[in-house]
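Dear colleague,

I am passing on the structure below, together with notes on what was found in it. Please read them with the model open beside you.

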Amino acid sequence: MPTYKINNLKSICLIVVLISAVAAFSQIKPSTIKGKVLDRSTRAAVVSANIVILSTDFGAATDLDGSFKIVGIPPGTYSLQATALGYIGDSKSDIAVLPGRSVNVEFLLEPTAIKGEEVVVTGGFFRPKPDLVTSSRSLRYEEIRRAPGSAEDVQRVIQALPGIANSNDQNNEIIVRGGSPSENLLVMDGVEIDNINHFPEQASSGGPIGLVNTEFLREVTFASGGFSARYGDRLSSVLDLELREGDREQFSGQIETSMAGLGVNLEGGLAGEKGSYLVSFRKSYLDLIQGPIGLTSIPHYWDTQFKVAYDLSPLDKLSLIGLYGRDWISISVDDEDAWSRGAEAVDVKGYNLALGLKWRKVWRGGYTDVVLARTEINHNYEVFEVNVDRISNARSRRLFFLGDDTETNHQLHANWTGRIRKMDEISAGLSLKPITFIHDEWLAQDTTYYDDINNDGIQPDTVFRPERIIDESTTSLKYGGFIQYRWRPLNRLTLVGGVRLDGFQYSEQATVAPRLSASWDVLPKLTLKAAYGIYYQSHPLIIYTYDPGGANKTLPHPRAAQYVGGLSYLLTNSTLLSVEGYYKDYCNLVVYEQKLREDDNPAFRSWRYLAVGRKWSSGIEFFAQQKLATNWYGSLSYSYGESNFDDSQETYSSDYDYRHIGTMVLGYKFSGLPMRSFQKHWYGWWTNVLPVNGDEMTLSTRYRYVSGRPYTGKEWTLRGLEYYEHWENYVQTNGSRYPDYNRLDVRLDSKWFFGSKSIICFLEVENLLDRKNVAQYVYADDGEMDIVYQFRFFFVGGIRFEW
């Protein structure tokens, strides 16, 4: 999110007063919860299943289509439970319903080996996906929306899970168990997308501002290791975003405004409730308020997203999703001292596109998913060297780098899942992905002065760097396939085995990766889990084309062997305790050839990568989570891990060696209605300007601690009076560490209900204690060091009107 402090709260306070007055005299319309109960493996309807809203008298049973509908519900946030004869029950928390609106919920149940038995829920609110036995967590929309410290960004929410780190507050990248940010696979409704952010970082999953509209999310599943053969071409983790459909029965919408921009969402039914649509548009408006908020570099961005669903028949469904974002920013430095040291100015622009068409066909004993998709992402950078005349103080800009890269990815995925015998499941899939990559790069010629690198006693030595030009365009095919079998010999025991094939024609590489996982309920509430697998990932395309002579074209794919094991204990249906250990062994990681040789010869230049790197990551994670079953919810996680890298010449801490990571989240849900009586008295009038009298309110906080990440310290040598000739003496690769990171965030959510409408307001204070967390140390040409800090104390707020 863009960072700035609120200088004027008058408008927000006025809105809150008006909301309070309207809500106090409005009659609230009831809500509806509807959905389906299906067999997980076959997607066949589960008839006569019982669905109840926990802690209430509301409930319903499914019909012949597996559908259910619960009407007349007061708006609020609920937990649901589904049970059926012959099936293991399931529960879902954080089902948020608004007045006059309906919410769609889908239950996928597993069969039990005992015929005619209605099984008591054994997984509570924490049943994992069957082929994500270890290291997986699922979050619903409401959990993501209200998460403190995340500003409704799904990747920032994921950072609170065990074993997850991020390099700094300005980036929402996901660093998993010592892996790099490029090792995360992101899937949205079956479409693989490399990056879902505005201003995305190239060859990474991160960026400063999330592109996906949180209002589209139904459920998010994240697996930090040991994932099955269904998922390929990634080394560390999987982030699976499942989008909801629009309301088929009525038209509704919302308008929202926050510190980041203004947006509108619309949804409704199609063709007599046979289909639905959901569409949104958002745009930043920081450029309109640039002066009042004191920003100098203004990010410009807008995005749109949609999903259309249509039932061709009761057993055939089509869905079309789209996501597009465009962004641009001009970054300059106004600080006089920074200009005098030759600071750089950067112009950045780009766009991100994803389109996907999915067809689901339910057969007897199974179902097929076919996905056709296109994704495209563009990165455009112009970097200028800024110089200041020492006499006239006139500033001049010289363009010295230009980069323009576009990656287009067409996708065909075809997967089949079905049941073998009563409880076993088999699945297989095929993926074809033609990829076009256009890499244009220009780097101006330059001259660099070094401290007597020739040892001839003459200083300085001059090294000339020639102009660099890359104009590369290539099209090639990525392909993959898998087959896996899930065997349940006993109700308590699940084994998942599979094998995956992945290849890339451009690099002439093909890999085969076996994977195996197991889950055993040692006791009714105690589960032992383990997983082993081999994982491969092709390199980012920019690495293959980085050398103009093609030396990087046939680099072997990086490989990681993962070993994961742990225990989980279900203290109550809404409380889970777990401990998990992991070990990851990497090979074929790339090392920049210039880095290996410049210690002996600083004048050496090369654009070649060598696949000689090795890395080892290991650690242990503790996690406790309380779902919102009553009023309290929260989580507590602690991870200890080590990650070491060997570049064939030396072994040192890897760039992602975060040793200690701890996160605590705590929230409490309550009603602000008693406050309205207090506000009627003369001594309570002042609270009318605060969002403290909502029909439903949540107060939450997050504290995060991360021990300092490693970095390489530098030393400069001054020679002569006219030049700052320098030779960067690396004391030890990653031999130093930044200070530890601490941050406390607090968030208040308030919902007001009136008629069939609602208003949702949130206020969030990030870095409440104004901790000076170091992002990085930046060195000038004379060796002087500047400290770049992460987010300091600031507010984030927003208001959403729904009808």
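Two strands are taken to pair if DSSP finds at least two bridges between them. In this model, which is predicted, strand β12 (residues 184–188) and strand β17 (residues 237–243) are joined by five bridges and run parallel. Within that pairing, the residue of β17 that stands opposite N184 is S237. Both strands belong to an open sheet of five strands, whose order is β9-β16-β17-β12-β13 and whose pairing is mixed. At its edges lie β9 (136–140) and β13 (191–192), each of which pairs on one side only. As background, the strands of a sheet pair through backbone hydrogen bonds, either parallel or antiparallel.

Turning to charged side chains, the count of salt bridges comes to 57. One of them is formed by K627 and E143, with the closest N and O atoms 2.9 Å apart. This pair links distant parts of the chain, since K627 lies in the loop between β35 (609–626) and β36 (632–646) while E143 lies in helix α2 (residues 141–145), 484 residues apart. Are K627 and E143 buried or exposed? Both K627 and E143 are buried.

A second salt bridge joins E215 to R800, where the closest N and O atoms are 3.4 Å apart. Here too distant parts of the chain are linked, with E215 in the loop between β15 (209–210) and β16 (217–223) and R800 in strand β48 (residues 794–802), 585 residues apart. Both E215 and R800 are buried, and both belong to a network of salt bridges whose members include E142, R145, E152 and E256.

Another salt bridge connects R282 with D303, the closest N and O atoms being 3.1 Å apart. R282 is in strand β20 (residues 275–283) and D303 is in strand β21 (residues 300–313), 21 residues apart. D303 has a relative accessibility of 2%, and because buried means under 20%, D303 counts as buried.

The aromatic side chains form 24 aromatic pairs. Among them is the edge-to-face pair of Y546 and Y592, at 6.2 Å centre to centre and with 65 degrees between the planes. Y546 is in the loop between α6 (541–544) and β33 (559–572), whereas Y592 is in strand β34 (residues 575–592), 46 residues apart. The pair of W632 and Y668 is described as tilted because the ring centres are 4.5 Å apart and the planes are at 45 degrees. W632 belongs to strand β36 and Y668 to strand β38 (residues 660–670), 36 residues apart. W632 is partly exposed, with a relative accessible area of 47%, and Y668 is partly exposed as well, with a relative accessible area of 31%. Elsewhere, F281, W302, Y324 and Y351 form one aromatic cluster.

Charges also sit over rings: K92 lies over the face of F107, at 5.6 Å from the ring centre, and the charged end of R792 sits over the ring of Y789, 6.0 Å from its centre.

With kind regards

Technical notes
Residues numbered from 1 in each chain as written. Predicted model: local features only at pLDDT ≥ 70, side-chain atom pairs only at ≥ 80, totals over all residues. Heavy atoms only, no water. Salt bridge = Lys/Arg side-chain N within 4 Å of Asp/Glu carboxyl O. Helix = DSSP H or I, 4+ residues; strand = E, 2+ residues; numbered from the N terminus. Buried < 20%, exposed > 50% of the residue type's maximum accessible area, 1.4 Å probe, protein only. Phe/Tyr/Trp six-rings, centres within 6.5 Å; stacked < 30°, edge-to-face > 60°. Lys NZ or Arg CZ within 6 Å of the ring centre and 35° of its normal.
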